[in-house]
Every structure is written in C-alpha cells, then in structure tokens.
Amino acid sequence: MSVPIDLHCHSTMSDGLLSPEDLVAHAASKGVRVLALTDHDEVSGLARARAAAEQHGIALINGVEISVTWKKRTLHVVGLRVDAENSALLMAFQQVREAREARAREIADGLAKAGIAGAYEGAKDIAGNSVMTRSHFAQFMVKHGHAKNIKTVFKKYMVKGKPGYVNHEWMSLEQALQLIRDSGGVAVLAHPGRYDLGFVNMHLLLHEFRNLGGAAIEVVTGSHQPPQYEQFAKLAHRFDLKASQGSDYHGPGLSFMEMGRLPALPSGCVPVWQDWPEASQLQ
Ligand code: AMP
Ligand code: MN
Ligand code: MN
Ligand code: MN
C-alpha cells in the first residue's frame, strides 16, 4: 500500500466480525494511517471507532455504505465525511434497519421452505443489535453445517433464484446521494466491478452518478481483480470522477483482502482524499 489509507471496512455494527475498537486496532497494526469505517446503512460505530483511533494515533474518517436499488439492481454507495448526527441520515437508516428486519423474516421463510428451520433466530443470535444482513444468515448456515463455507452458502442459498433470496427495494440512487450531500459528505460508488452491468449500463450508471453529484468511484478495492484497477481508473478519468481505495475488510475469514495490503492507485487517478487534511502528511 503506497498510501496507507483504507476507506472501506465493516465492524460488528453491520456484518463485520470485529468491534469498532478491535477493527481500528487491527487497522493500526497493519499500518493503516487513515481509516474510514463504512458499515452498511449504519453510523452507530463511528463514535467508538473515533475514540479508538485517537488512542492508536490514526485518523478516522466518518463513513457509511448505503444500499441502493438502481434499475432493479442492488448497488452500494459509500458516503465519506458524513455528519453522523445528521437527523435526515439517522432517520433514513432507522427505516432501512426496520426494512432489513422484515426482509430477514422473509429470508428465513424462504429458507424454512427449503427445509432449514430457525434461520431467523439463528441469524439474529449472531447479529445481536447489528443491522440484519445476508452475511449473518450465511454465518448461521455454515455454523449449522448447511454449507462448507460462506462463499458456498451465498451461491446455494442467498443469491437471486435461491431460497434465501428476497427481492428487496432499497432507497434510490438519488436519495442516497442527497442524504450524503446534505450531511456534508462525498459519495463514492463502491466496487463498480461487482455489478455485472455490461458496457452500456455501466456508462449510464457513471453518467447518472456524476450528474447526481457523485464524487468518486472505488478503483482499488478488495472486491476487484487487479485487471479491474486499470479498467475503472480509465472510467473514473472519462467521467471526471475521483478514485477511492478500500479493503472492504469484514474480519478474519470473511474478507477478500486483508487490511494494509492495498496496492497504489493507477497513475493518473485523482485520489478522493486529495484535499483532506487527515491525508496531507501521507502523500
Ligand atoms: P445484504 O446487504 O444484507 O444484502 O448483505 C450483503 C453483504 O453480504 C455484503 O456486504 C457482503 O458482506 C456479503 N456478501 C454478498 N455476497 C457475498 C458472497 N458471494 N460471498 C461472501 N459474502 C458476500
Ligand atoms: Mn458486507
Ligand atoms: Mn458492498
Ligand atoms: Mn462493504
């Protein structure tokens, strides 16, 4: 990692395995100097992460990863530098939390029909007070021997066409970008290489994202294969968007990439942190 910045990761406040404190300690131990915690539709871990970051002498950037429905597909938009006390933001996330609860019941109903009983209670037990995600169901299923690992659970049970999949309507791209902007943040399209959009729709998405005030796309992420770094660096340039980088770390055994291992952004990228005081010492 040429610039020790990681702008995408998860704690137990969503579907990560480490508490905000342990996550920050882990990041610091791996050499990360500027960290954004970006839990799914949730900002409640940020205060704890900030206190831990002060102890470890690293900078904490407020963040969140918002689930969005765009053309019947689920996309993720990362909001960075949001005000975690903004009331519109908190109200919207409260609604998402409730919708995720209802969705979790539907997921469990689907799994029950496939012969897997007690999934709601099992996933809830793992989630505790966190927002309910498919990851919690996946962990429950592995624990009870329904599949050998998380990847297999998703493939067999949790994706479109499978018994534990629910077609959920998240907020619109427009609404997510408005929430981020109104709370003082900048919007970053998360892991664009994961959406399987095709050339035309990817261009449509980036055009729309930019017109709605989107600032950057993730170029280097644990969710991209190395050839995609160049591909999305080019697209960022073409659509006049900045570039971001983040591991999307979820904890040991639940991540594509360890923290502190991000390669540098391809040359020509304008980093989203270009004007940030927290990053001024690092470049
Ligand atoms: P949800 O927001 O409840 O739909 O859960 C989405 C989360 O599930 C993502 O943020 C990932 O952490 C995880 N996830 C999605 N697809 C996979 C996959 N194929 N393998 C492992 N984890 C996945
Ligand atoms: Mn996740
Ligand atoms: Mn994501
Ligand atoms: Mn993520």
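The shell around ligand 1 in this predicted model divides into 2 nonpolar, 4 polar and 4 charged residues, with Ile and Phe among the types counted as nonpolar, Asp and Arg among the charged, and Gly among the polar. Residues are numbered from 1 along each chain as written, and ligands are numbered from 1 in the order written. Local features need pLDDT of at least 70 and side-chain atom pairs pLDDT 80 or more, while totals for linings use all residues; side-chain values use heavy atoms, without hydrogens or water.

**Who is there**
- Around ligand 1 (a heavy atom within 4 Å) you will find Asp15, His40, Arg100, Arg103, Thr133, Arg134, Ser135, Ile150, Phe154 and His250.
- At least two shell residues each come from helix H3 (87-113), helix H5 (134-143) and helix H6 (150-158); helices are DSSP runs of H or I with at least four residues.

**Where the ligand lies**
- Ligand 1 lies between domain 1 (5-92 + 169-280) and domain 2 (102-158), because both give residues to its shell; the bounds come from an automatic or database assignment.
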